[in-house]
Each structure stands twice: as C-alpha cells, then as structure tokens.
Amino acid sequence: MSERELKRIEVLSKVIERRISTASGATILGLTVRQTQRLLRTLQDDGAAALRHKARGRCSNNRIVDNVRDFVLELIREHYVDFGPTLVREKLLERHQIAVSKETLRKWMTEAAIWTSRRERKRQIHQPRGRRDCFGELVQIDGSHHWWFESRGPKCALLVYIDDATGKLLHLRFAGSENTFDYLIATKAYLQEWGKPISFYSDKHGVFRTTHGSEKDRTTGLMQFGRALYELNIDIICANSPQAKGRVERANQTLQDRLVKELRLRGISTIEAANAFNARFGKEPRNPKDMHRPLADHENLDSAMCRKEMRTLSQALTLRYDKVLFILDPSVFTKRLAGKKVVVCDYPDGRLEIMEGSTSLPYITFDKLRSVHRSEIVENKRLDEALAMVAEMQAGRELTRSQHGPRRTGQANHLFGIPDGSQSNGYQKRGRKPGRRTDFMNDPAVIARREQALTRLEAAE
C-alpha cells in the first residue's frame, strides 16, 4: 500500500476508537466529512485492504497492446538497430505511419537490449590487463600535448615510447605536434638504440590509422607510418580506448608532473634543448629475455623511415608532388621510364629522392607557387583598404601546398618553403597557458582604445 493509504488507515482507526472526531479526521486527510464517513463504513465492512486504489494491478486504458510492441521491435531490429529512440520515432512515423512516443520507445528498446542509456554506457568496466612477459615484446607509443615549458615556451607534444613488460621509458622526443615525420624520426632513433620490438601499441591517431582512402599509401593500403613498420617486419596494433594502453597514459601523467618541474629547474624552454635531455625509470620484467630483434642485412632503416608515394612519369619525364613539378634528367635510362611508375621518397631530414627500384633518379624542380606575380592595387580612397586585405587573404590561400600532402612540422631543411595549409589559412591549435588568466576588460590600454573608438563614433554621427 502507498503512504497515503497507510495514513488514511491510521487516521480512520483513531476516529473509530473515538480518539478524534470525524470532522478532525476529515481535516487531517484533506477530505470532506461525507467522504470520510464513506471511508469509515468501507473500513468497518471490508477491512483495510478495501481502501487500496481499485485500479491498482490493472492495465492502463491507454496501454499499447503487446502485438504492436512486438511489431515495432521487429521493425527496429530489422531497419533501425543502431538508431536512437528519437530518430526511431521519426522514422516510424515517416515510413510506417506508426506513432509511438520516444520515451515509450526508449523503454521498449532498453528492455529488449537494443538501446543502452548514457548512464549505463558510462559505467563500462575496463578490467586490468596483465603485463607482457618479455622486454621488447610490446611497446606502447603515444603523444602527450601539454605546456611542457609552462609560460617559457610554446605548447608542444611529447612522443613517449614505453615498454609494456617493464614500464620503462625507452625513448622520448619533443615535437611541435603529432605528425608522421616526427614519429618517423623518433622511431628511427628508438630502433637504432634498442632494435626491433615485436609490436607497437598505439591509439587511433591519424598517423597510425585512418579510414580515408586518400590518406593511405597507394602501394600497401597502410598509413605511411604503418608502411614503414611493415617494411621492417614490425606490427602495429591500435587500441580501442585510452584505458587499453593505460601504462603509457599513466606515464604521461607522471611526466606532466615531474618532467615539467625538471625542465623548469634546468632552465629548458625550447624543443631542441628538451630533446637533449632524457629521463628513464622502470621495473624488472617477469622474463629476462629481450624480444628486441636486430635489423636484418636486407633491411634499410633510412629507406623505410620516410614518406613514400607512387607517381607516374609523363612522356616529358615530369611528375608532380605537393604542387612542385619535378623534371628528370633525360638520360638513356630515364627515357625508358616514360609512362611508368616511380616512387617519391620524402625523408624527415628534408631530402627528397625519386626512386626506380634501387636507383635514385636526378631531377630539377619548378615550383609554380613561387612564380606567382601580383599586379599593384589601383589607388582608390574607398576601396584601397578593402582590396589590400583581400589581396593578403588571397595570397595566403594560393600559396599553400596540397591539403592531402604531409604536414612538415617535424621536417627540417625541405625544399617546400611555402607553409602548408594548416599554417597559411590562419588556423593554429591553441590552448590556455598555465597560470593566471589576463583580464583584458580591465586593462588600461584596452579601455583607452575603446574610449577613443567611441569618441570617433560619436564625432562621425
């Protein structure tokens, strides 16, 4: 029985025992005297159970019959199994002329295990995974974006290589961002120092994995980083969640605390100086065997750790790469390659080679972006400022490399001097610097400029 019904029984019992009057009982229950008398007769004749609501246990008059519910669930399983309740309601009304409220659908789909609420999804349990047995069997890699130099330098990324069996930091490299060239440089240094691990374990960053076809290497279907590892017989595994690679995530948290303080004490405020500093810690593995493998004689580390793309030579022995025209020397060997495919090798140190098998082909370049000539803006007292701004914006748009080309943040001394699209269009990923925020609204210089602008506006009116 409900609390309201229990209270009625208690008050009516007091009325029957003449401890209170009928009028006082009616006031306590919020009923009229006549209604209270009817409840008293029901309690005396049929007992306390008769005071329960008569509709309790009965189906609602507006209840949807089970056949309709089963039919709707069958439609959902057949056509809308990955839809949410709101979208299912719209599609049922649009395509099947069935009107059901979204909350009813949510209840039905939850009971049928088709839909999981957000609260239940957040309760997902990630059970701990045991460490690998041997050193070098699985190496976790990740990039941590942080204000590593605090307010002394720019925000940058730290590429972390940590062994799964020992938790030992094997390699660290500071970079402007997580990009292919910086990962190739860091991985090359790691392999030169430790050898080849069985596998790398990473997240689903675009360097390691993507579903976009234009970002994949045309020869193997892999990303450039995955293709480089494939050539060296190293596997890469992408984790489904950050919890799956918790060791490197926890190492990032430790580094963001301790390494930042260490860099502050040493006065390090640049990426170059930070890369010269390194720190390591770890624990002993369960199996002392080292699973790192040496490089084989036929494996060329320098040739693998670069960006490779296929290009077809024209009949004029030319090809285009990142909006640059490469013109091969017309030798007897290169003339036979007209119409055939060659490989463009873009190295992290800025070198670029055009390879046919193991032969490097000499070339000269012609960069059309550098030959752009702009006419002078015609003087006009009304349009001069606007045209100057438009010309500046157009110059930034036109002098850009291919949007599908590599981001050259980690590449030095390359021949592509024009900034890539991520820099020239004005976009720069920013974050809030550590420390106290500046209140620009109370800055005296800002207040003075605002007052001057208001004065000029009033004078113009």
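Colleague: Which residues of helix α2 are buried, and how should I read that word?

Modeller: Buried means under 20% relative accessible area, exposed over 50% and partly exposed in between, with a 1.4 Å probe and protein chains only, while helices (H or I, at least four residues) and strands (E, at least two) are DSSP runs numbered from the N terminus. In helix α2, which spans residues 22–29, the buried residues are G25, A26 and L29. This is a predicted model, in which local features need pLDDT of at least 70 and side-chain atom pairs count only at pLDDT 80 or more, whereas totals for chains, interfaces and linings use all residues. Residues are numbered from 1 along each chain as its sequence is written, and side-chain values use heavy atoms, with hydrogens and water left out.

Colleague: What covers the buried residues of α2, and what follows the helix?

Modeller: The cover includes α1 (3–16) and α3 (33–46), and α2 is followed by G30, whose phi is positive, near 75°.

Colleague: How many residues does the largest nonpolar core have?

Modeller: A nonpolar core is a set of buried Ala, Val, Leu, Ile, Met, Phe, Trp, Tyr and Cys residues joined through side-chain atoms within 4.5 Å. The largest one here has 22 residues, and those with the most contacts inside it are Y161, F200, F225 and M305, where contact means heavy atoms within 4.5 Å. At least two residues of this core come from each of β2 (138–146), β3 (156–163), α8 (180–194), α9 (224–231) and α12 (301–304), and the largest share, 5 residues, comes from α8. Apart from this core lies another, of 18 residues, among them C156, F174, L255 and L259.

Colleague: What does M305 touch?

Modeller: Not counting residues up to four places away in sequence, M305 touches L184, T187, K188, L191, A228, L229, L232 and P348.

Colleague: How many helices and strands does the protein chain have, and what percentage of its residues count as buried?

Modeller: The secondary structure comes to 16 helices and 14 strands, and of the 461 residues of the protein chain, 34% count as buried.
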